[in-house]
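I would ask you to keep the sequence and the model in view while I speak.

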Amino acid sequence: MCAFREPVVIHKGLDNVYVKESKICFIDGEASKLFYRGYSIEDLAANSTFEETVYLLIYGWLPTRVQLEDFTKRIESYRTLDQPILQLIRSLPVKSDPMDVLRTAVSALGLYDAHPLTDDMGARIDKGLQILAKTPTIIASFDRIRNGHQPLQPKPGLRQAADFLYMLSGEEPEAYDAHVMDVALILHAEHEMNASTFACTVTASTLADMYSIITSGIGTLRGPLHGGANEEALRTVMEVGDASKAEEYVADALAHKRRIMGFGHRVYKTWDPRYLILKNLGRELAVKKKETKLFDTAVAIETSARKHLEGSSIFPNVDSYSGVVFHTLGIPTDLFTPIFVMSRISGWVAHAIEYLQANRLIRPKALYVGKTGLSYAPFDSRAGELEE
Ligand SMILES: CC(C)(COP(=O)(O)OP(=O)(O)OC[C@H]1O[C@@H](n2cnc3c(N)ncnc32)[C@H](O)[C@@H]1OP(=O)(O)O)[C@@H](O)C(=O)NCCC(=O)NCCS
């Protein structure tokens, strides 16, 4: 055992560890409240657009009409992919996970930036916006290529949400579908110091470039404990298949200590406010499309789960209906987490910029509990395994 052991507290999972002061996002997990820059998520979902929310998160205030128009045009002007990036996407195995494609392509964008490293905050933000603008094009291009279609150019005049749906299907979406997508992007844009935002903050603290910062975030969001839960939640709803089978599924899952996907949250100890907004949108969307079976099954799962989990602090989270909504919009399941990236880049950039304004290299410690003072052994006297 190491002789230098200090009296320390290990914060496994960094629960309740604060790494900075922030003015970007406030979650009240007891009261079911979420605010971006002081504005409630309900207010933003009802009145804002994704572009305006990005502006708010990154710059800190709601833009004037002129500021928003300029900003929207700027994002639009960044959307097109250069040929080398399209060629790279074409060269990747068609069976690749879209998250891996996205991580690779965003990383590659940095290779074509003559000055990826900069101390200038405005230039850093601009690089973040370029990545944010190109992400939907990367995702949609890969999806078309893997399905044997030509990738489409972004369509001038469409905003980020509508343009993504257009580039996926080749058809301009109905206004309501574009609106649902837009709200879904607003809801996923920011969520305080979660794992991927922390990963981005760590990378930013080393003064790395924006491509490295966002690539760190994508890699971290990829895991099933973070970004992947929305895909799992939809798979559960599809596996149950019918509202009449929900009670049996939930009772069996809980009896065997399996988790109900789309339920529970590290921060919310009551319902996640984004869940309610998505549930209402999901209902409207299902009725409009006359495809209510999946939505009804999700509701039945929720009803059973809430009955069985009554008295606990396990409530529906954002993922309980997001998958149903994306599926009803015609989006393939393995694109749900990339869509999360499309939106969350705004939060990652906002936090990276905020942290850099008072930067300190993030360098925690690990408590060494191994041995010291061992003698270097010649080959003939090695056991070939760990010796106690
Ligand atoms: C999100 C999540 C990881 C947060 O969990 P957490 O706050 O760290 O809580 P824990 O994992 O410590 O779980 C605490 C207890 O609640 C139970 N629990 C948590 N989420 C549950 C769920 N979705 N279904 C059933 N039980 C659940 C755990 O089994 C555990 O029970 P135990 O004390 O009897 O062992 C967890 O709720 C989960 O795995 N949910 C499903 C995946 C999901 O929807 N993720 C998206 C999050 S936005």
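**Threonines, helix contacts, cysteines and loops**

Leaving aside its neighbours within four places in sequence, Thr-215 is in contact with Arg-103, Val-106 and Ser-107, where contact means heavy atoms within 4.5 Å. Before I continue, please note that this is a predicted model, in which local features need pLDDT of at least 70 and side-chain atom pairs count only at pLDDT 80 or more, while totals for chains, interfaces and linings use all residues. Residues are numbered from 1 along each chain as its sequence is written, and side-chain values use heavy atoms, with hydrogens and water left out.

Thr-215 belongs to helix α10, residues 210-221. Helices here are DSSP runs of H or I with at least four residues, strands are runs of E with at least two, and both are numbered from the N terminus. Is Thr-215 buried or exposed? Thr-215 is buried, at a relative accessible area of 16%; buried means under 20%, exposed means over 50%, and partly exposed lies in between, with a 1.4 Å probe and protein chains only.

Setting aside residues up to four places away in sequence, Thr-203 touches Ala-208, Ser-212, Ile-213 and Ser-216.

I turn now to pairs of helices. Helix α5 (residues 98-109) packs against helix α6 (residues 121-146) at an angle of about 130°, and their axes are 10 Å apart. That angle makes α5 oblique to α6. In these terms, under 35 degrees is roughly parallel, over 145 roughly antiparallel, 65 to 115 roughly perpendicular, and the rest oblique. The axes are lines fitted to C-alpha atoms, for helices over the stretch in contact, and the angles run from 0 to 180 degrees between N-to-C directions.

Which residues make this contact? From α5 they are Pro-98, Val-101, Leu-102, Ala-105, Val-106 and Leu-109, and from α6 they are Ile-131, Lys-134, Thr-135, Ile-138, Ile-139, Phe-142 and Arg-146. By class, the residues of the contact of α5 with α6 are 10 nonpolar, one polar and two charged. Ala, Val, Leu, Ile, Met, Phe, Trp, Tyr, Cys and Pro count as nonpolar, Asp, Glu, Lys and Arg as charged, and the others, Gly among them, as polar.

In the next pair, the axes of helix α11 (residues 229-240) and helix α15 (residues 319-328) come within 8 Å and cross at roughly 75°. Helix α11 is therefore roughly perpendicular to α15. Ala-229, Asn-230, Ala-233, Leu-234, Val-237 and Met-238 of α11 meet Asp-319, Ser-322, Gly-323, Val-324 and His-327 of α15. The contact of α11 with α15 has six nonpolar, four polar and one charged residues.

Next, the cysteines. A disulfide is a covalent bond between the sulfur atoms of two cysteines. How many disulfides are there by the rule applied here? The count is zero, the rule being a pair of cysteine sulfur atoms within 2.5 Å. The closest cysteine sulfur to that of Cys-25 is in Cys-200, 15 Å away, which is too far for a bond. Cys-25 is buried at 10% relative accessibility, and Cys-200 is buried at 0%.

Finally, the loops. Most residues other than glycine have a negative phi. Ser-32, although not a glycine, has a positive phi of about 65°. Ser-32 lies in the loop between β1 (25-28) and β2 (33-36), and is buried with a relative accessible area of 7%. Arg-37, in the loop between β2 and β3 (39-40), likewise has a positive phi, near 50°.
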